[in-house]
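Open the model in your viewer and keep the selection tool at hand.

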Amino acid sequence: MKKILLVCSAGMSTSLLVTKMQEAAKEMQVEIDINALPVSECSTKINEVDIVLLGPQVRFQKTVVERLANGRIPVDIIDMRAYGMMDGKSILKSTLEKIK
């Protein structure tokens, strides 16, 4: 099972995206574990996941999160348009391609 961590300012705006991605995973018959946290709490889970996705509003934190990941996992910024549309399916598909 792949584990995905979504990171945003307070962990609130990504909660809806987590739900949309879980619905897409069920539809695609993919087992995943997705959590959302504020960027300030990212370090508590980063060693337990396969990828970290940053919400567009915290893209400036990418360097900080990459240092925490220490090259072990990919750290990527969620596409702003897909994020705005809460397109869980396209975000999930692109994420799974990055962690294969």
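The tour starts with the ground rules and then moves to the sheet.

This is a predicted model, in which local features need pLDDT of at least 70, side-chain atom pairs count only at pLDDT 80 or more, and totals for chains, interfaces and linings use all residues. Residues are numbered from 1 along each chain as its sequence is written, and side-chain values use heavy atoms, with hydrogens and water left out.

**The sheet.** Select the strands (DSSP runs of E, at least two residues, numbered from the N terminus). Four of them form an open sheet in the order 2-1-3-4, with parallel pairing; two strands pair if DSSP finds at least two bridges between them. Strand 2 (32-38) and strand 4 (75-77) are the edges: each has a single partner strand, so one side of each lacks a neighbour in the sheet. Next, show strand 1 (residues 2-8), joined to strand 2 by 7 bridges. Val7 stands opposite Leu37 in strand 2.

**The helices.** Helix 1 (residues 13-28) lies across strand 1, strand 2 and strand 3 (51-54), at about 175° to strand 2. Helix 4 (residues 88-98) lies across strands 1, 2, 3 and 4, at about 140° to strand 3. Axes are lines fitted to C-alpha atoms, for helices over the stretch in contact (heavy atoms within 4.5 Å); angles run from 0 to 180 degrees between N-to-C directions.

**Leu53.** Select Leu53 and its contacts, which include Ile4, Met21, Asp76 and Ile91.

How values were computed: Helices (H or I, at least four residues) and strands (E, at least two) are DSSP runs, numbered from the N terminus. Lists of a residue's contacts leave out its neighbours within four places in sequence.
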